[in-house]
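Please open the model in your viewer and keep the selection tool at hand. The stops below go from charged pairs to a pocket, a surface patch and some details of the backbone.

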Amino acid sequence: MLLSGAGVGLLWGDRAWVSKSDPEEVRLAAVMAEVVLSSRADGTWTTYLPLWQKFVQWCAARTPPRTPLPADGPTVALYLISVAQTANTYSVVKAASGAICSFHDVALAGVAPTEHPMVALVRRSVQRRLGVALVNQKEPLDFEVIRGAASWVWTLEQGHNRWALALTLVLVGFCGFLRYSDLAQLYADEIHFYEDRAELFLETRKNDQLREGNVVVLARGESSACPVAALEWLLRSVPSLQAGGHVRLFQRFDGRVTRFHPERILSTMRGEEMSYDQMRSLMFALLTKCTGVPEEDLKRRYGTQSLRSGGATLVAAEGVSDRVFQRHGGWRTPQMKDHYVQDTMGAKLEVTRAMRY
């Protein structure tokens, strides 16, 4: 974990309730630091650590210096104003506020200063001025594209491992509403199969607020686009997965070997986490092969988040209850899920059709 080396000092410093003269308490405090830090995904800390360091440096540069931890509301409000002066979008200010909130949260510093009325007022004002438009937002992926890919992949007799691996990634990401960080954290021994479903356990999911979204349930289907069948294929086909143990489900492969011998892709996996670049490359290679659309054109329209938003968009029109829908995607709030759902033309027409003119 990114912050593990600074765990105890970062979180609690010289708090009196940890006796430095008791080796067992020191050891338990270190373990507790790891547990508390793991409440957020490593990717979150990777994003927030440099933002937090900027806040600390800003506080130190004031005359007299301001205290970053615990900080007070006026200090954070002034800092966010300074960030907003050079920001192009509200997301920059929102991320700075989120970093400050997260570090106060894990440091057990009481109510985060970002909850102060003055800070909330600054955020609202900056949001009105900068807006919240997303830059280069990608489209949801259409399930019919995936269905066509599945029909093609499973008809191949030889050398299909590369495409089957790519299809499994796409199916699990789409049907599970999973982002790259979720897919990369899946472990083979934490996937359980039943007659009607598969259950995928996620050790950490940064946006899960219902505390029930760590287990993602995928129903077993009858078509070639069934994610459960694809997972079963993967587990019985990858040598490093057949050995058992707590190993990554989607593993890094040797691109030098598979460039000329794609049929050997599964045998080059050695248990390491598959990189974002490799996962993205597999996805676009499959889409290009099955659609005939140039890869660069596809990349302008889609991203890895298109799997998550594509699955959400497909299901949103089917009347699934909001709570089950939110739990499946692990969204922080019911409103957050709406950012991933693109309304269909039929749904848009319902507004004026209701007028009966």
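Select Arg301 to begin: with a relative accessible area of 37%, Arg301 is partly exposed, a label that covers values between the limits for buried (under 20%) and exposed (over 50%), computed with a 1.4 Å probe and protein chains only. The model is a predicted one, in which local features need pLDDT of at least 70 and side-chain atom pairs count only at pLDDT 80 or more, while totals for chains, interfaces and linings use all residues. Residues are numbered from 1 along each chain as its sequence is written, and side-chain values use heavy atoms, with hydrogens and water left out.

Because Glu139 lies in the loop between α6 (117-130) and α7 and Arg301 in helix α14 (residues 295-301), the pair ties together parts that are 162 residues apart in sequence. Helices (H or I, at least four residues) and strands (E, at least two) are DSSP runs numbered from the N terminus. Glu139 counts as partly exposed, at 32% relative accessibility.

The structure holds 12 salt bridges, and another one to select joins the side chains of Arg248 and Glu273 (3.4 Å, N to O). This pair links distant parts of the chain, with Arg248 in the loop between α11 (239-242) and α12 (255-258) and Glu273 in the loop between α12 and α13 (276-291), 25 residues apart. Arg248 is buried, with a relative accessible area of 16%, whereas Glu273 counts as partly exposed at 27%.

Next select Asp254 and Arg256, whose side chains meet in a salt bridge (3.3 Å, N to O). Asp254 is partly exposed, with a relative accessible area of 22%, while Arg256 counts as exposed at 70%. For a network of salt bridges, select Asp196, Arg197 and Glu199, which are linked in this way.

Which residues are closest to the centre of the second largest pocket? About 590 Å³ of space lies in this pocket, a volume taken as the space filled by probe spheres set on grid points that are joined across faces, edges and corners. Of the 26 residues that line the second largest pocket, Cys175, Val217, Ala219, Val315 and His328 are the closest to its centre. A pocket is an open set of points on a 1 Å grid over the protein atoms alone, where a 1.4 Å probe fits, with protein on both sides within 12 Å along at least five of seven lines, and lining residues have an atom within 4 Å of a point. Strand β3 supplies the largest share of the lining, 5 residues.

Stay with β3 (residues 215-219) and select Val215, which is placed in this strand. Val215 counts as partly exposed at 37% relative accessibility.

Finish with the backbone, selecting Thr63 and Pro64, where the peptide bond is cis with omega near -5°. Another cis peptide bond joins Leu69 and Pro70, with omega about -5°. Pro64 is in the loop between α3 (42-60) and α4 (73-84), and Pro70 also lies in the loop between α3 and α4. At Phe177, phi is near 55°, a positive value in a residue other than glycine; Phe177 is placed in the loop between α8 and α9 (180-184) and counts as buried at 3% relative accessibility.

Note on methods
A salt bridge is a side-chain nitrogen of Lys or Arg within 4 Å of a carboxyl oxygen of Asp or Glu.
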